[in-house]
Amino acid sequence: MTDLLAGLNDKQKEAVQYTEGPLLILAGAGSGKTRVLTHRVGYLIERGLAEPWQILAITFTNKAAGEMRDRVDTLLPGNGQDVFVSTFHSMCVRMLRRDIDRLGYDRDFTIYDTDDQKTLMRGILKDLKMDPKQYRERGVLSIISASKNEMVDADDYEQGASDFYEKNIAKLYKEYEKRLRKNNALDFDDLLIKTVELFDEYPEVLENWQRRFRYIMVDEYQDTNTVQFEIVRLLSGKYRNLCVVGDDDQSIYKFRGANIENILSFEKSFPGSKVIKLEQNYRSTKSILHAANEVIKNNHERKAKTLWTENEEGTLPTFTEYETASEEADRVTDAVMRSVYRRCEQAVLYRTNAQSRLFEEKCIAKSIPYVIVGGVNFYQRKEIKDILSYLRIIANGVDDLAVGRVINVPKRGIGDTTFQKVIDFAMLEGISLYDALCRADEITGLNKGTLAKLNGFTDLIEGFRSKVLNDNVSLKELIESVRDDTGYAEELAKDDPVETESRLQNIEELISKASDFEEEDSENSEHEENETGLTSLARFLEDVSLVADIDRTDDTGDVLTMMTLHGAKGLEFEKVYLCGMEEGLFPSYASINVDSPDEEIEEERRLCYVGMTRAKKELCMSSAQTRMTNGETHSSHPSRFVDELPRDGVEIHRKKKKQASWEDLDDDYDNPIPRRGFNKPQSFAAEFGGFGSGGSKSVNISRGFGSLDTTPSGKKKSAYMGAFVKGSEMVKEKPDYVVGDRVVSVKFGQGTVKEILDTERDYQITVDFDKFGTKKLLAAFAKLKKV
DNA sequence: TCGAGAATTGTTTTT
DNA sequence: CAATTCTCGA
């Protein structure tokens, strides 16, 4: 037991040992809260206070859950896997799968993601003949979601609706709920809501869980919403051993319903609670922490605390104002290459996903392996959703959305008119679309040919179903069969030859995910005896729908990470580039332009704080004077957060106001201009090559290639990470094109090969692209295809 | 029924 | 500048 406390500071020890009653741990950035949490779990087990399975730990992502399990397992071998570690959403799904039939749902309900919600809402707007201009599905859905997060159901909302507009929203809300239920589907918010409902209406269900969980821990508590609060409150109602960990300064999910009050008034909600503050930071240098502290100080709604560190002073954070966004991306990627740190120890962070594009282009041009976290989620890709839709129909015959999605994918000559007839028939009979399809011969007004097409579709599905039920095919085989037997793969090739390869690769990845799942699933003995293949299929679909993008990041390989600030929560890097620090982008235009901007700006500031505190050793912030948005170039000023940085604690570079001459561009940056006349000796910024020595850089820094060969191999890289993530697995392969050939690249389109150079590591290809001009690319990265 | 081209939107952030 | 939706001809 002493082991478990070794290496912890006094506050951390206290947090680990304070096991009984409500406890709020205010854990500043980098204060070792994950450590405290895992040790606390270990302590509970070792002290015999609880069996592993009596401990519930709720994390923000599935990835974090996995890590925690592993870390507990390292502390106390053999125990980690039994601790109930989960996200709110996964936990709720698990509980609902057990008992949701009490609420009148089928236990193999489907989970609708944002796209599904939109499709559903679009249909409702159409059927209710509401003007889609006035009631945008996105807007309506966000009102519904916000209501659900505040536990306002459709009836409540209707009661509170005062004007015509709100009354109509209420109508939409009601219809939305009706259709969800009809499709036996839950949206993300429902997963939480229905759990509370279940607890409220069936106290014995609640009691069962209450008895089981003697100790409950919630990580990232500052980002919980009202429903989640309610779940926690209910679950901890019996033993009251609730420990929440969070940092109000890092609350960044208000837009998703996070209620910062949960953490601010924890002590009020749970009387007699203890508060422990962890203020020592083990992550960042003094200068980074100082800068971050100065920024967050400008927020008013926060619990008083000051982070400090015993770490070294370190180099000053930098801020550089570039002329264009493209230049920013160019310089930052240069800096990544020149840095003393390996690529995987660095991260480019930005406010919006759209910003990633420029960085991506530069990385490709410079052959920097990278991974973009976020953006289009793997499971939202068209080809994946199509395949999953088939699986959903096979698993759950009443999923109308899935039917609508693939009834004519690939094309089988079932158009809108026919489909509408099916919908009408289904409505009339009060049955699902799929059932309507099965009874297609009863539908009036269909000619023979069309009827045959519809039957073809149901035969296909029934064929799959019988494969699962009778032939016991594996998930892997099922997906392969969906891909091939439907003609989907063929259609892909016909549709969009350029994208085909990557789409097929994505499907391959889905298949390998399915195999992995199946393997794990069969080890899991908790299943009922007489279950069919369909139940395990349903489990797979459920598993898949709750995967966050961050969960899929594979941290093997020396690749540069790029992501939004939101995505960076909970992570740390040696060197961080915080880009696009412009007024209107960060803080976002939307946050400045609301009735009461204060609250919104404070959230943006917290986001800034989160970003800054990701950095361990070096922090480089930057902005661009002009940037292209929505096809328009517009100029902007550095973010107000830049003004909040300590004057003497940051090195500032702003472009001279003279006309830049392109020959000596570097010189323009030569003399960092201290702002507001502040004067101090400048320390030398090593990274932005050219700052110090006017172009002919005397960069004597190792280029971080040392890591190239250290990648633990064996693990398959995800196709999602793109063709550029290969690291050591890069095999030098002779290109199948020669000089003069026309080739196509995923990124740059078509071009003509100008030169092929056989270098030591790879072939270096010079291509004159039609749209992008001449580029030098490495064959392994560029993935050029002959046309 | 379907595809190509035109028109029209729109940007925070995501479990 | 996209990505998506719309429109029209075949």
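Modeller: Two helices, α20 (416-429) and α28 (597-612), each supply at least two residues of the surface near DNA strand B. This is a predicted model, and the distances below are computed from its coordinates. In total, 27 residues surround DNA strand B, and the closest are R136, R351, N353, T417 and N630. Of the atoms of DNA strand B that come within 4 Å of the protein, sugar and phosphate account for 54%.

H566 is placed at a base instead: an N or O atom in the side chain of H566 is 3.4 Å from a base oxygen of DNA strand B.

DNA strand C is surrounded by R122, R357, M628, N630 and G631. Sugar and phosphate make up 42% of the atoms of DNA strand C that come within 4 Å of the protein. The residues near DNA strand C divide into 1 nonpolar, 2 polar and 2 charged.

N630 is listed among the closest residues to DNA strand B and is also one of the residues around DNA strand C. N630 sits in the turn of a hairpin formed by β16 and β17, with 2 residues between the strands, and has a positive phi of about 50°. The two strands, β16 (residues 615-629) and β17 (residues 632-635), pair in the antiparallel sense over 4 bridges. M628, another of the residues around DNA strand C, stands opposite T633 in β17.

Returning to R136, which is among the closest residues to DNA strand B, the next element to describe is α7, residues 137-149. This helix has 13 residues and reaches 18 Å from its first C-alpha to its last, close to the 18 Å expected at 1.5 Å a residue. Its buried residues are E137, V140, L141, I144, S147, K148 and N149. An α-helix has 3.6 residues a turn, so residues three or four places apart point the same way. The cover over the buried residues of α7 includes α6 (114-127), α8 (154-160), α9 (164-182), β5 (185-187), α10 (188-201) and α12 (226-235). After α7 comes M151, with a positive phi near 60°.

Conventions
Residues are numbered from 1 along each chain as its sequence is written. Chains are lettered from A and ligands numbered from 1 in the order in which they are written. This is a predicted model: local features need pLDDT of at least 70, side-chain atom pairs count only at pLDDT 80 or more; totals for chains, interfaces and linings use all residues. Side-chain values use heavy atoms; hydrogens and water are left out. A residue is near a molecule or strand if one of its heavy atoms lies within 4 Å of it. A polar contact is a pair of N or O atoms within 3.5 Å; within protein, one must be able to donate a hydrogen and the other to accept it, and residues adjacent in sequence count only if both atoms are side-chain atoms. The expected span of a helix is 1.5 Å times one less than its number of residues. Buried means under 20% relative accessible area, exposed over 50%, partly exposed in between (1.4 Å probe, protein chains only). Contact means heavy atoms within 4.5 Å. Ala, Val, Leu, Ile, Met, Phe, Trp, Tyr, Cys and Pro count as nonpolar, Asp, Glu, Lys and Arg as charged, and the others, Gly among them, as polar. Two strands pair if DSSP finds at least two bridges between them.
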